[in-house]
Amino acid sequence: MQISFWPKTLAVLALFLTLGGAGVRAQSGLIQQAPARRVLSLNGSWNYIIDPYENGFYDYRREAFDQSKTGKGGYYDNQKPSNSQEPELIEYDFDHSPALQVPGDWNSQDPKLLYYEGTIWFKKNFKLTPTAGKRYFIYFGAINYEAHIYLNGKKLGMHRGGFTPIQYEVTGKLDPSGDNFVVVKADNTRHADAVPTINTDWWNYGGITRDVFIAEAPGTFIKDYEVQLAKNEPGTLAGYVQLNGGGRAGQTVTLSIAEAGLKQTVKTDTAGRATFRLPAKKLSLWSPRSPKLYAVSLTSGPDVVQDKIGFRTIQTKGQDILLNGKSTFMRGISIHDENPLIPGRARGEGDLRMLLTWAKELGCNYVRLAHYPHNEAMLRLADEMGLLVWAEVPVYWTIAWENPATYQNAEAQLSDLISMGKNRASIVVWSVGNETPLGDPRLKFMTSLIKKARSLDDTRLVAAALELHREGSTVHVDDPLGEYLDLTSFNEYAGWYWGGMPSEITKYKFEIKYNKPVMISEFGGDALAGYHGDANTRWSEEYQEALYVNQLKMLGAIPGLRGMTPWILTDFRATRRQHPVYQNGFNRKGLISSTGVKKKAFYVLQEYYRQQAAKYDGK
Ligand code: GCB
C-alpha cells in the first residue's frame, strides 16, 4: 500500500463519498468506559504538516476535495498528465515531516506554533490485524476544534467541538494485512458561530489534545450504561444497560457489585436496553471525606465491562446543598485544563493529579472544571481523590444565540459531556455556561440547554455562572435565568474590575432574588508571584492577599452562601493578557504561579477553608 502521499487518499475519499459513503455526519452515542476495553493506543509520535491555506483540503478553486462531484479537483484536471489515474500533491510528504506528541497541543511543542490558528494535518501508521467477528472503534479524547478524520484513505467523519470525545466505528475498514494509517485534519480556527466563539480568556490550543486508541468489542456489546442511586431513593440502585449489535432482544445482562453482595440479572427489550432496580441499603456512600468506589461489573454474553463507581445523593433544600442528606459547604477552586509548568494542555494522569493535589492542599472538597469539558481521566481522578465537580460546556460570553446550528453544537457538547460523566459520583453540577449577556434569544438558548441537561440527567444540579449589576453599594443578582437553575451562582470581581481597592469592598451588600444556595463561581485578582508591594499595589502578592481577605469578609455576610470556586488555582496562558511586565501572555489570577509557587493568597483561602470544614464537617 502506498501511503506516502496522503492527498492521494483524499482523492480516493472524494470518490468514495460520491458513491454514497458515510460522509460527514454528526457524532452519535459514545461508548461508555471505552478506555477500559481491549485497546490499541495510538498515542505517541504523529507526523504533521502545517497547512494554513488548507491546500490539502481545497483545490485551487477552493472546492473541497471530499465534496467534489467527480472526486477530482480542478487543479488536477488541468495539470496532471492525461494518463495518470489519481492526483498527487507531490509537495506533501508525511513520512519526512516532523512529529508532534499526541496527546498534546501543538502550541507548546514548537515555538513557531505558539500562536498558530489554522489547519495542521496529522498522520500515524499502526499495525492492527482485525479479528473476524470483532468490532473496532477509533476514539479520540478531544481534538480542537474541527476535525476531519480519515482511515486508510476513507473519511470517517467530521466533528466540531474541542473538548469532547470523538468516536467512529471502523469495523471492516481496517486493512486485513494489518498495515493501517489514520490521517486527521485538525483546525483550531475561531468562528463567530462556534462554541466557544471567537473571544475567550484562555489559550486556543490546537491539535489532538487527548488520548487516541482503537477499542475492540464483541459483535454484540455493552455500549452504554448508567449505575447510580435512584432519584430521591438513596436505598435503591437504578440504571440501565444498552447493548449494541444484532439480536439484541431477550439478551441477559448481569449487574454485579461483589463487595456489596449485590447482583441482578435482567433481559433486554427490543431496543437492546435492560433496566434494573434493586435495594442497596448497605452501600457506603461516596463523599469527599470518604470517596468510596465500588468495583461494578456488567456482563452480557461474552462482553464484560468493569467500572469503579461511587454512590451518593445531591439535592438542594431552600438555601442548603445536601450531600447524602447533609448540609455541605462547597470549598472549591476553578481549574483550567492546563499544566502551567509546560505550559500547555494537561497531557496525562500525572499532570491532572498534580492539579487536583494542589486543590486538596488548599483544603478543597470541590473543583470547578472551567470552562469546557475536561478529560474523562480528570473526572475519574476526582472520584478517586474525593472532589466534587462542577462540569461545564464552553457556552462562554457572546454566543451566536440565534443560530440554530450553534445551539445544536452546544447541545451536542452538553450531551457528550453528560454521557461521559454520568457515572461519576464526583460530578454534582452541570453548568450550561459562563457570563452570558442578558437578552431573549440568550434566555431561550440557555433554558433549552437546561431542559436538555435535566432530560438527560435528573439527579444532578444544573447551574450557570451568571453576572450581577450594581447600584451604589448594592449588588443585585437577579438574572432571569436564575429562576431555572438550582443554584444562584455568579461571578463577581470586586476589588479587581470594580469596587476600588481591596480594603474598600466590604461596603458592598448583596441583594439576591432567588431563595437558592448561593455559589460564588468566580472572584479574584492578578498577582505576579514574587512581586511584592503593599495591599494597594496592583499585581503584587499583597494586593491579591488583601483582596481575598476582604472578599471572604464581604461574601461571609451572604446568608445563603454555600460555596465558592475562586478564580483560579494556577496562572494560565491567555492571549488577551499582554501586559509586558506582569502578564506576558498569562492571566495571573492563579493562587499558584506558572512556575508552581504558591502566592500569599493561597494561604488566606486555605485558612478560610479550614474554618469552613470545621463548621460543616466538624474537623
Ligand atoms: C471571568 C471569566 C474567566 C476570566 C476571568 C478573568 O469572568 O469567566 O474566564 O478568565 O473572568 O480573569 O477576567
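Leaving aside neighbours within four places in sequence, Asn 550 is in contact (heavy atoms within 4.5 Å) with Pro 502, Ser 503, Ile 505 and Thr 506. Asn 550 belongs to helix 7; helices (H or I, at least four residues) and strands (E, at least two) are DSSP runs, numbered from the N terminus. With a relative accessible area of 10%, Asn 550 is buried, where buried means under 20% relative accessible area, exposed over 50%, and partly exposed in between (1.4 Å probe, protein chains only). A polar atom of the Asn 550 side chain lies 3.4 Å from the backbone oxygen of Pro 502.

The model is predicted: local features need pLDDT of at least 70 and side-chain atom pairs count only at pLDDT 80 or more, while totals for chains, interfaces and linings use all residues. Residues are numbered from 1 along each chain as its sequence is written, and side-chain values use heavy atoms, with hydrogens and water left out.

Trp 539 lies in the loop between strand 32 (518-522) and helix 7 (541-556). This tryptophan is buried, at a relative accessible area of 14%. Beyond its neighbours within four places in sequence, the contacts of Trp 539 include Trp 496, Tyr 531, His 579 and Tyr 582. The C-alpha atoms of Trp 539 and Gly 525 are separated by 8.0 Å, and the two residues are 14 apart along the chain.

Helix 4 (residues 376-385) is largely enclosed by the rest of the structure, because seven of its 10 residues are buried. Among them are Met 378, Leu 379, Leu 381 and Asp 383. Gly 386, whose phi is positive, near 80°, follows helix 4.

On the wider scale, the domain assignment, which is automatic or from a database, gives the protein chain domain 1 (34-218), domain 2 (221-311) and domain 3 (316-617). The contact between domain 2 and domain 3 takes 19 residues from domain 2 and 21 residues from domain 3. The C-alpha centres of these two domains lie 32 Å apart. Together they bury about 1,600 Å², 49% of it on carbon and sulfur atoms; buried area is the accessible area (1.4 Å probe) that two parts lose on being put together, summed over both. Lys 231, Trp 286 and Pro 288 supply 36% of the area that domain 2 buries against domain 3, more than any other three residues.

Across this interface of domain 2 and domain 3 there are three salt bridges, each defined as a side-chain nitrogen of Lys or Arg within 4 Å of a carboxyl oxygen of Asp or Glu. The side chains of Arg 424 and Asp 307 meet in a salt bridge of 3.2 Å, N to O. On the side of domain 2 that touches domain 3, the elements giving two or more residues are strand 13 (221-230) and strand 19 (303-309). Strand 13 gives the most, with five residues.

Some backbone features remain. Most residues other than glycine have a negative phi, and most peptide bonds are trans. The peptide bond from Asn 144 to Tyr 145 is cis, with omega near 5°, and the bond from Ile 342 to Pro 343 is cis, with omega near -20°. Trp 397, not a glycine, has a positive phi of about 55° and counts as buried at 18% relative accessibility. Asn 584 has a positive phi near 50° and is partly exposed, with a relative accessible area of 46%.

Conventions:
A polar contact is a pair of N or O atoms within 3.5 Å; within protein, one must be able to donate a hydrogen and the other to accept it, and residues adjacent in sequence count only if both atoms are side-chain atoms.
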